[in-house]
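Trainee: Could you walk me through this one before I start setting anything up?

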Amino acid sequence: MSNTVDSSPLQRLGIFLLGLIAFAAFGLVAWIGFKVSGADNDSNYAKQSQDRIAKVMASDKAQEGAVIPNNSDLEKFANTFLDQKAKVTKKPVPGTEAFNEWMKEQAAKQAANTPKAEEPKEEKPKEEAAVKLTLKAVGNPPGTMKFENADISVKAGSKVILTFENPDVLQHNFVLTKIGKKDAVGALADAMLTDPEALKKQYVPESDDVIASTKLVNPTQSEVIEFTLPDEPGDYPYICTFPGHWRLMNGILKVTK
Ligand SMILES: [Cu+2]
């Protein structure tokens with residue numbers, strides 16, 4: 001069956017209309033897509049235009065009143081150049097003996113200024129090697145108010161890098177006191193209950209008996225502090241100075257010879 005020859009005019013009109021509808025539908029879809037995507041809507045367009053206009057106007061204004069140079073101006077300009085004398089350079093001309101001398105001089109200067117490659121130093125045993133310590137508050141059961149591994153021993157005069165970890169649900173700190181000063185500093189800590197500045201001071205009493213301290217460390221947080229141990233060997237107590245904690249929450253840092 002051959003449509004092209006045998007189809008009736010009505011059939012052909014139908015096919016034509018179908019094509020037309022398809023064409024129009026495609027156009028409609030494209031137009032909707034264009035609108036929905038906002039492609040024809042540049043919100044900055046107006047502002048950019050304004051900016052361009054302002055720029056052009058400013059440039060015009062800047063040129064207003066600018067004097068167009070006349071012949072006498074040009075002559076003056078030219079004369080300033082004619083008045084200049086040729087500069088005499090003291091730099092020797094390449095290829096001459098003087099130039100070679102000059103080059104040698106420069107090279108010598110540069111060599112003098114260049115820092116010499118560092119000679120490999122003999123590795124000295126580091127006296128100041130820091131001791132790394134980690135101290136933990138007991139986190140389980142929560143609210144125990146104790147330090148784990150409560151006894152630590154370190155050599156006198158050591159530099160210590162201490163990490164204080166607080167896995168507990170309460171805030172705690174670490175305060176190292178002088179020998180035999182646990183109770184004295186503890187009493188000061190309890191007294192801070194009535195100190196309006198206590199939180200600002202991280203509940204660390206202001207006392208000469210305090211050797212080192214962390215801030216008040218929040219639950220699950222930690223803090224790293226550095227301090228140098230005294231040269232005097234002995235038992236150095238450390239406590240948490242949050243009021244009321246120190247009686248339970250204390251330990252000994254043994255400073256050895
Ligand atoms: Cu505490």
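Trainee: Okay, how many helices and strands are in the chain?

Mentor: Keeping in mind that this is a predicted model, the chain has six helices and eight strands, and along the sequence they follow the pattern α-α-α-α-α-β-β-β-β-α-β-β-β-β.

Trainee: And what share of the residues counts as buried?

Mentor: Of the 257 residues, 17% count as buried. As for contacts, among those with a separation of 6 or more, 73% are between residues 24 or more positions apart.

Trainee: Let's move to the sheet; what is the strand order?

Mentor: Five strands make up an open sheet with mixed pairing, in the order β2-β8-β7-β4-β5. Because β2 (151-155) and β5 (210-213) each have a single partner strand, they stand at the edges, and one side of each is left without a neighbour in the sheet. From one strand to the next, the twist averages 25°.

Trainee: Which way do the strands run on either side of β8?

Mentor: With β2, β8 pairs in the parallel sense over five bridges, and I152 stands opposite L253 there. With β7, β8 runs antiparallel and is joined by six bridges, I239 having N250 as its bridge partner.

Trainee: Which helix packs on that sheet?

Mentor: That is α6, which touches β4, β5, β7 and β8, and whose direction makes about 15° with that of β7.

Trainee: Which of its residues are buried, then?

Mentor: The buried residues of α6 are K182, V185, G186, L188 and A189. Seen down the helix axis they fall within an arc of 160°, so they line one face of α6. What covers these buried residues includes β4, β5, β7 and β8, whereas the face turned away carries the exposed residues A187 and A191.

Trainee: Changing topic, is α2 buried or in the open?

Mentor: Helix α2 lies largely in the open, because the number of buried residues among its 29 is zero. Its length is also consistent with its residue count, since at 1.5 Å a residue the helix, residues 9-37, should span 42 Å, and its end C-alpha atoms are 42 Å apart, which agrees.

Trainee: What comes just after α2?

Mentor: Just after α2 comes G38, which takes a positive phi of about 70°.

Trainee: Back to the inside: which residues have the most contacts within the largest nonpolar core?

Mentor: That core has 27 residues, and those with the most contacts inside it are F174, V175, A189, Y203, Y238, I239 and C240. At least two residues of the core come from each of β3 (159-165), β4 (175-177), α6 (182-191), β7 (234-239) and β8 (250-256). As general background, nonpolar side chains tend to be buried together in soluble globular proteins.

Trainee: Last one: what does Y203 contact, beyond its neighbours within four places in sequence?

Mentor: Leaving those neighbours aside, Y203 is in contact with N173, A189, M192, A198, L216, T241, F242 and P243. One of these, A189, is also among the buried residues of α6.

Methods
Residues are numbered from 1 along each chain as its sequence is written. This is a predicted model: local features need pLDDT of at least 70, side-chain atom pairs count only at pLDDT 80 or more; totals for chains, interfaces and linings use all residues. A nonpolar core is a set of buried Ala, Val, Leu, Ile, Met, Phe, Trp, Tyr and Cys residues joined through C-beta atoms within 7 Å. A residue is buried if 20 or more other C-beta atoms lie within 10 Å of its own, exposed if 12 or fewer, and partly exposed in between; C-beta atoms are placed from the backbone. Helices (H or I, at least four residues) and strands (E, at least two) are DSSP runs, numbered from the N terminus. Two residues are in contact if their C-beta atoms, placed from the backbone, lie within 7 Å. Two strands pair if DSSP finds at least two bridges between them. Axes are lines fitted to C-alpha atoms, for helices over the stretch in contact, and angles run from 0 to 180 degrees between N-to-C directions. The expected span of a helix is 1.5 Å times one less than its number of residues. The arc is that of the directions from the helix axis to the C-beta atoms.
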